[in-house]
Protein chains: 2
Amino acid sequence: VSIDPVRVRLARVAFGHLVEPGRRDLGELIRRHGPVEALRRIRDGAANEGLVAAAAPRLAAGDPYELAERALERAERLGARIVTPEDAEYPDRVEQLVLISVDGPDRLRRDTYPPTCIWVRGAWELAEACERSVAVVGARACTAYGEHVARDLAYGVAERGWTVISGGAFGIDAAAHRGALAADGRTVAVLACGIDRPYPPGHEGLFDRIAETGLVMSEWPPGADPHRHRFLVRNRFIAAATLGTVMVEAHARSGAAFTLERAGLLNRVVMAVPGPVTSAASIGCHRALRESNAILVAGAAHVIDAVGPIGLALAPPEWVPANDQDRLTSLQARVLDGVRPRKILTAEEIAAAVGVSDRDARAALPELVLAGFVVVVGAGYRLGGKRDRPAPEAVDPAGPRTETG
Amino acid sequence: VSIDPVRVRLARVAFGHLVEPGRRDLGELIRRHGPVEALRRIRDGAANEGLVAAAAPRLAAGDPYELAERALERAERLGARIVTPEDAEYPDRVEQLVLISVDGPDRLRRDTYPPTCIWVRGAWELAEACERSVAVVGARACTAYGEHVARDLAYGVAERGWTVISGGAFGIDAAAHRGALAADGRTVAVLACGIDRPYPPGHEGLFDRIAETGLVMSEWPPGADPHRHRFLVRNRFIAAATLGTVMVEAHARSGAAFTLERAGLLNRVVMAVPGPVTSAASIGCHRALRESNAILVAGAAHVIDAVGPIGLALAPPEWVPANDQDRLTSLQARVLDGVRPRKILTAEEIAAAVGVSDRDARAALPELVLAGFVVVVGAGYRLGGKRDRPAPEAVDPAGPRTETG
C-alpha cells in the first residue's frame with residue numbers, strides 16, 4: 001500500500017467537515033488505521049455506528065476528498081491555511097489531550113481528542129505561537145475590575161515576550177487580547193466558529209488586528225456557527241496549547257472552570273486572580289483557589305514566575321513519540337507485553353498477565369494508546385497498528401522537524 | 001519547703017509589673033524553679049543578667065509582693081481580675097507558645113513565652129471564651145471593602161456561636177468586634193496596653209460594650225502604654241488562644257502577617273480573605289495565600305468549614321502535662337534518658353547518646369521542655385527541675401479542673 005501524503009492531508013481536512021472536532025471514536029480510528037483508511041471505513045459503514053451516522057449527511061452531499069479540496073481553496077481565498085498533524089506547525093503539545101480523552105474524569109473527557117485540522121489566519125507559525133504561551137480566560141459578563149486586571153496582566157505577559165491565548169469573546173477574553181496588542185505583543189484568538197464568521201459580532205476589527213501579527217484560528221470550517229457546545233470543545237485546545245491558564249473572573253458555573261480543570265489534568269500551570277469576595281464575578285476564581293491547586297496570581301510577574309522557570313522545564317505527562325518504540329519505559333514495555341493482538345483485555349487482566357499493579361497498568365496504558373501501540377476497545381485494550389502491523393499511512397506527527405531539528 | 005499558693009500567684013502578678021511579657025529567660029526560670037524561687041533569684045541577682053537588669057528599676061521601687069498586692073486591689077477597683085496559670089480560667093492553649101519560643105524561626109520567637117498573668121475585664125470565663133474562638137485580624141488603615149468583609153464575617157462567625165477575638169484597634173479589628181456584637185455574639189478584645197487605658201482613644205464605648213458580654217484583656221498592667229513592640233507580643237496571644245486566624249486586609253508589611261505565621265507554627269488554621277489585586281490593603285492577604293498554607297475564605301461559612309469540623313478535632317502540637325511523667329511517649333522517654341542533670345548537651349549529642357535520629361530528638365526536646373523535664377541552656381539542653389528535684393512550688397497549670405473535670 002502506498003502512502004499518499006496529499007490524500008492523508010485531504011482526509012484530515014475532510015474530517016473537519018464531516019464531524020465535530022474532538023470525537024474520541026474518530027481519533028482512535030485514525031490512530032489505528034491512519035486517516036485515509038479511517039475515512040474509507042466511515043464511508044463504507046465499517047466504523048463505530050455513531051461516527052458513521054454523524055458523518056452520513058455530509059458524505060451524502062458529495063465526495064469527501066473533493067469537499068476537502070474545495071475547503072483548501074476556500075481557505076486560500078480567505079487568506080487562511082489549514083494545519084494538520086502532518087504539518088510542522090501543528091502544535092505537538094495538544095496531542096497530550098489524548099490523556100484526558102482516555103483517562104480523564106467523565107465530565108471532562110467528552111470530545112477532547114486532539115484536533116485533526118485547524119483553520120489558521122495570520123502569518124505566524126502556529127507551533128511557535130504556542131511555544132511560550134499563557135491562556136487568559138474568564139467571564140464574558142465581567143466587571144470593570146476584571147477587564148482592567150485582564151488587560152493589565154496580558155500587557156505584562158506579552159511585554160515579557162509571551163503569547164497571550166484566549167477565546168476572542170467579549171469581556172475577559174477581549175481585554176486580554178487588547179492588553180497584549182497594547183504591549184505590541186502577539187496574541188492568538190481561538191474561535192469556536194468559522195474564522196470567516198467572527199463571533200461575537202463587533203469583534204471583526206479586533207480579529208483583524210490580532211491576525212496582523214498574531215493568529216486567529218478555529219477547528220471548525222468556515223461558516224460554522226458558534227454553538228454553546230463548541231465553546232467547551234474549543235476550550236480544551238486553549239488548555240492544551242499553553243503552558244498555563246489564568247482565570248481572571250468567572251461566575252460560579254463557567255466554561256473557564258473546565259478550561260482550568262483540563263489544564264490541571266495536563267500538568268499545565270493553573271492560576272486564578274482573586275477579587276472582592278463580594279463580587280459574584282470572582283466566585284469561580286475563589287473556588288478554583290480553594291478547591292483546586294490553582295496558584296493565586298495578582299499580576300503578570302506572578303504568572304511568569306509560575307509558568308516561566310517551572311513552565312519551561314515543565315514535565316509534560318509522560319508519553320513516547322509515535323514512531324519510537326525504543327523509548328518506551330520499562331514499565332510501558334512490560335505492560336505492552338501483556339496486550340494481545342486480537343483479544344480485548346481490561347487493564348486489570350493485563351496487569352495480572354505481566355505481574356504489575358493495576359495502578360501501574362492504568363498509568364501505562366493511556367501512554368501506550370497515545371503512542372499508537374495500543375488501542376482502546378470499549379472498556380478494554382488490544383494491540384494497535386503500531387506494533388504488529390504498522391498503519392500504512394502512519395506519518396510522524398512531528399513532521400519535517402525531526403529532519404531539521 | 002512549703003508551697004504557698006497565694007505567694008505563687010503574687011509572684012506571677014509581680015512579674016507582670018517587673019518585665020515585659022513573653023520573655024523566654026523568665027519563662028524558663030519559672031519552669032525550672034517555680035515563680036517564688038524565680039522571683040527570689042531575680043531579686044538576688046542570681047538569674048540571667050538581662051532579666052535581672054530589666055527587673056531592677058521596678059524592684060528598686062519596693063517589695064514585689066506588695067506591688068502585686070496593690071495590683072490585685074487595683075484590678076478590683078477597676079472591676080477587673082488577674083488570671084494566672086494557677087487559675088482554672090487560664091487558657092491552656094496558650095501554653096503551646098513555648099513551642100515557638102524554643103523551636104520557632106528567629107524572627108518569630110522573640111518574646112513569645114506564654115503569659116504569666118492576664119488582666120481581664122468582663123464576667124465571662126477566659127478559657128471558655130477561647131474554647132471555640134476565631135481570631136479576625138488585619139490592617140488599621142483598611143478600606144471600606146475590608147471593613148465590610150470583617151464585619152460580615154465576624155457577624156457570621158459569632159452567629160454560629162463562636163467567639164471572635166481581635167485586638168481592639170481601628171479598622172479591621174473594630175469592624176470584627178462590631179460585627180460580633182451586632183450578631184448578639186461575644187467577642188474578646190486583647191489589648192497591648194493597660195485595660196484602664198483604652199487604646200485607641202475613641203474606643204472606650206466599644207470596649208465597654210464588649211466587656212458587657214465578652215472580655216477586654218491585656219497582659220500589661222493598668223497604665224501601660226501601647227508601644228509598637230507590644231502589638232507584636234500581644235499578637236502571639238491572639239494566635240495561640242484561638243483555633244484559627246483570619247486575615248481580612250493587610251498591607252505588605254504588617255503585624256497581622258506575624259500573627260498568621262505564628263498561628264501556622266502552632267498548627268492553628270490559617271486563613272485569608274482575598275480582595276482586588278489592585279488594592280494595596282490586600283497585598284498581605286494575597287501573599288499569605290501564595291506563600292503560606294493559608295486557606296482562602298470568602299465568608300463565615302468558609303471559616304467555620306475550616307475551623308469547625310477539623311478545628312475541634314485539631315491535634316495540638318504534642319505535649320505532656322507538666323506533672324504526669326507517665327504520659328511521656330516512648331520517644332520522649334527515650335530522649336529524656338539522654339539528657340544529663342548538669343552537663344549541657346546539644347540535641348545531636350542527645351540523639352547519639354540514646355540512638356534516635358537528630359530529627360526525632362529535635363522534635364521531642366521542645367515537648368520535654370514544655371513539660372518541665374528539660375531546660376534549654378544556650379544552644380543545649382539539660383535536665384530540668386521536674387525530674388531530679390521537683391520544683392517545690394510546681395502547680396498543675398490545669399488547676400482545679402483536674403479535680404472537677
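**Exercise 1. Determine how α10(B) and α11(B) are placed relative to each other.**

*Solution.* Begin with the axes, which are lines fitted to C-alpha atoms, for helices over the stretch in contact, with angles running from 0 to 180 degrees between N-to-C directions. In this predicted model, the axes of α10(B) and α11(B) come within 9 Å and cross at roughly 40°. Next, name the arrangement: angles under 35 degrees count as roughly parallel, over 145 as roughly antiparallel, 65 to 115 as roughly perpendicular, and the rest as oblique.

Then look at the contact, which means heavy atoms within 4.5 Å. From α10(B), the residues B:Leu232, B:Asn235, B:Arg236, B:Ile238 and B:Ala239 meet B:Gly255, B:Phe258, B:Thr259, B:Arg262 and B:Ala263 of α11(B). Sorted by class, the contact of α10(B) with α11(B) holds five nonpolar, three polar and two charged residues; here Ala, Val, Leu, Ile, Met, Phe, Trp, Tyr, Cys and Pro count as nonpolar, Asp, Glu, Lys and Arg as charged, and the others, Gly among them, as polar.

*Conventions.* Residues are numbered from 1 along each chain as its sequence is written, while chains are lettered from A and ligands numbered from 1 in the order in which they are written. Because the model is predicted, local features need pLDDT of at least 70 and side-chain atom pairs count only at pLDDT 80 or more, although totals for chains, interfaces and linings use all residues; side-chain values use heavy atoms, with hydrogens and water left out.

**Exercise 2. Work out how α7(A) and α13(A) cross, and which residues make the contact.**

*Solution.* Helices (H or I, at least four residues) and strands (E, at least two) are DSSP runs, numbered from the N terminus. The axes of α7 (residues 144-159) and α13 (residues 300-307), both of chain A, come within 8 Å and cross at roughly 50°. These two helices are therefore oblique to each other, and the crossing of α7(A) and α13(A) is right-handed. On the side of α7(A), the contact is made by A:Leu153, A:Gly156 and A:Val157, and on the side of α13(A) by A:Ala300, A:Val303 and A:Ile304. By class, this contact has five nonpolar, one polar and no charged residues.

**Exercise 3. Describe the largest pocket and its lining.**

*Solution.* On a 1 Å grid over the protein atoms alone, a cavity is a set of points where a 1.4 Å probe fits but cannot get out, and a pocket is an open set with protein on both sides within 12 Å along at least five of seven lines; lining residues have an atom within 4 Å of a point. Grid points are joined across faces, edges and corners, and a volume is the space filled by probe spheres set on the points.

The largest pocket has a volume of about 1100 Å³ and is lined by 44 residues, with A:Ser254, A:Gly255, A:Ala256, A:Ala257 and A:Phe258 nearest its centre. The largest share of this lining, eight residues, comes from α11(A). The lining of the largest pocket divides into 21 nonpolar, 13 polar and 10 charged residues.

How values were computed. Left-handed = near helix turned anticlockwise from the far one by under 90°.
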